[in-house]
Protein chains: 2
Amino acid sequence: MSDKGERGLIDWIRGQKKSCKSALVNIGIGDDLAGLRIGDEQLLYGCDQVLDGVHFRLNDCGAKAAGRKALARNLSDVAAMAAVPVVAVASVALPENMATKQAQEIVSGMNELAEEFNCPVIGGDLGSWTGALAISVSVLAKGAGLEPVKRSGAKEGDAIMVTGELGGSILGKHLVFKPLVKEARALAEQIKLHAMIDVSDGLAVDLHHITNESKCGAEIRAEKIPVSEAAKKLGPEPLEHSLADGEDYELLFTLSEKEVHKAQSILGSLGVKVSHIGRIIKQGVILTDENGNQRELSATGFEHFVKKAQSRKRNG
Amino acid sequence: MSDKGERGLIDWIRGQKKSCKSALVNIGIGDDLAGLRIGDEQLLYGCDQVLDGVHFRLNDCGAKAAGRKALARNLSDVAAMAAVPVVAVASVALPENMATKQAQEIVSGMNELAEEFNCPVIGGDLGSWTGALAISVSVLAKGAGLEPVKRSGAKEGDAIMVTGELGGSILGKHLVFKPLVKEARALAEQIKLHAMIDVSDGLAVDLHHITNESKCGAEIRAEKIPVSEAAKKLGPEPLEHSLADGEDYELLFTLSEKEVHKAQSILGSLGVKVSHIGRIIKQGVILTDENGNQRELSATGFEHFVKKAQSRKRNG
């Protein structure tokens with residue numbers, strides 16, 4: 001199945017009448033996590049997998065980093081909703097020749113992060129097979145007094161902001177990134193965030209996720225995009241890497257223009273860089289350069305860095 | 001990793017101090033599902049995976065059956081706790097050459113069962129890779145007014161009962177079984193069940209799960225074990241298949257001797273066969289035959305039917 005096929009499949013799933021009919025569910029397929037109400041509590045619920053050869057290379061990074069990343073991706077989804085992680089469970093498909101010590105390292109990598117984020121892994125399923133290492137983690141989070149920040153709330157005129165720096169995560173950050181749970185929470189406690197997502201597919205794709213769900217457009221300014229040193233190392237077009245690489249796990253959010261300084265101040269006090277990169281417009285997703293030239297930004301970005309790293313092509 | 005290695009790994013995980021420290025968690029690793037309290041509600045939470053070549057063979061059963069089974073295994077865990085399923089999420093690792101139609105069938109298989117059990121699949125993660133099909137489903141369930149039935153509550157003198165018939169599930173039942181959610185609920189609403197588990201690893205192993213968690217022993221009578229027709233078809237030792245094959249997804253439970261007739265009556269009215277196969281004793285897990293000969297029943301059973309089907313050996 002191609003990347004385009006995957007996206008088409010998700011659209012097909014969302015079109016199925018049989019999904020999402022529980023009265024408890026108030027955030028369905030199409031956000032970083034699904035949402036449901038249990039009693040007075042708003043819960044957030046989802047899962048994310050990491051696959052050897054796609055999201056990590058076991059022989060290069062080791063089992064501990066793979067286990068850590070499996071949970072970290074989920075915690076980044078929790079951050080994207082400005083929620084508080086509660087517990088996680090994990091399914092691990094172990095290669096049949098894997099040594100016990102390596103399998104333990106997967107668990108250790110997960111548990112160290114679980115400890116740090118107070119989100120214990122309380123159950124799961126282990127099985128071995130002839131295939132490569134595959135880890136799926138599911139996470140349960142709670143609103144804890146705040147409404148979850150969805151992808152769908154961006155409003156025309158909103159400022160678009162992104163934390164950290166983007167691009168080149170394949171050089172290391174995709175394995176060691178810190179989920180911005182505390183940072184998202186600090187923002188949402190003090191500011192009305194309109195829309196938020198974590199940058200996993202790449203700035204271009206994830207911006208499209210926000211505009212599609214919010215039924216609006218966006219204009220971002222090339223010179224404002226925080227291009228990482230890693231992106232610059234990767235070749236002659238660092239901006240393209242910042243737009244398309246993905247796996248940055250930074251927070252991309254929109255809010256009223258008048259809240260921009262407050263957001264900068266909150267994140268600054270936490271030692272986190274934030275860039276004001278553009279604004280929400282009526283329609284279209286546009287990249288404007290320093291000279292005022294505009295081009296439409298297509299919904300392309302990270303899906304499978306292995307293929308991209310090998311062939312520099314997408315949708316392979 | 002060998003099957004013995006898998007079980008050792010689970011023991012190792014349970015021994016890790018870093019797991020299960022959330023104050024919300026009241027059922028940790030070692031039951032069919034983990035449990036946590038959110039407000040007034042008792043939630044149950046877990047995940048289970050199905051892997052091509054281990055839990056199904058895609059080329060034989062098709063994608064729809066694989067998707068169905070992925071959710072069905074989780075619903076069987078919900079049944080084992082006598083809980084009510086609420087929502088599920090799914091991670092699917094798709095072979096890169098899989099046709100879109102096949103991928104849709106995975107979702108259809110899952111959604112049809114989700115509809116039947118009022119447990120919508122509200123989110124997930126799709127990715128393609130060079131590996132075989134792997135599906136991990138996580139389920140969230142609720143106590144809905146009943147305390148979950150754990151593995152750990154069996155008491156000396158309890159009757160041991162099992163629904164349906166056991167053995168030979170590889171001939172078809174492992175793909176088409178119906179999770180006994182309604183049946184477990186009916187029992188738990190009217191009877192104090194002491195311990196319960198679904199028979200996924202095989203009667204022998206799953207009985208050991210109950211005795212280990214409950215710190216007791218069990219004696220079962222060979223002639224009382226409901227040997228399925230499928231087990232009889234498989235060869236000269238059908239009883240061995242009933243003890244060891246697994247993937248029956250029947251309910252194995254213990255309760256006070258004086259409640260046996262009531263349990264039979266409740267399940268009978270639902271059209272479900274139930275057998276009174278033995279009793280909980282102080283220690284040891286013993287199989288007694290018609291002539292009074294006893295043998296110790298070891299904790300062996302289903303782990304990977306592919307290997308067993310090929311070599312007729314266990315723990316390969």
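So, how far apart do the C-alpha centres of domain 1 of chain A and domain 2 of chain A lie? They lie 23 Å apart. Domain 1 of chain A covers 19–142 and domain 2 covers 159–310, and those bounds come from an automatic or database domain assignment.

Before I go on, some housekeeping. This is a predicted model, where local features need pLDDT of at least 70, side-chain atom pairs count only at pLDDT 80 or more, and totals for chains, interfaces and linings use all residues. Residues are numbered from 1 along each chain as its sequence is written, while chains are lettered from A and ligands numbered from 1 in the order in which they are written.

Chain A averages 92, and 92% of the residues score at least 70. Watch residues 301–316 of chain A, though: pLDDT there is below 50, and the stretch has 28 contacts in the model beyond near neighbours in sequence. Where pLDDT is low, the predicted coordinates should not be read in detail. For the complex, the predictor gives an ipTM of 0.92 and a pTM of 0.93.

Helices (H or I, at least four residues) and strands (E, at least two) are DSSP runs, numbered from the N terminus.

Now look at the open sheet of six strands in chain A. Its order is β1-β2-β3-β6-β4-β5, with mixed pairing; two strands pair if DSSP finds at least two bridges between them. β1 (25–27) and β5 (121–129) of chain A are at the edges with a single partner strand each, so one side of each has no neighbour in the sheet. From one strand to the next, the twist averages 20°. Within that sheet, β3 (residues 41–51) and β6 (residues 134–142) of chain A run antiparallel over nine bridges, and A:Asp48 has A:Val137 in β6(A) as its bridge partner. Helix α4 (residues 100–116) of chain A packs on the sheet and touches β4, β5 and β6 of chain A, with its direction at about 170° to that of β4(A). Axes here are lines fitted to C-alpha atoms, for helices over the stretch in contact, and angles run from 0 to 180 degrees between N-to-C directions.

Last up, the two chains. A rotation of 180° with 0.0 Å of shift along its axis superposes chain A on chain B (RMSD 0.0 Å), by least squares on the C-alpha atoms of residues with pLDDT of at least 70 in both. That's the relation of a two-fold axis. 67 residues of chain A are in contact with 67 residues of chain B, and β5(A) provides the largest share of chain A's side, nine residues.

Key: Contact = placed C-beta atoms within 7 Å. pLDDT = per-residue confidence, 0-100.
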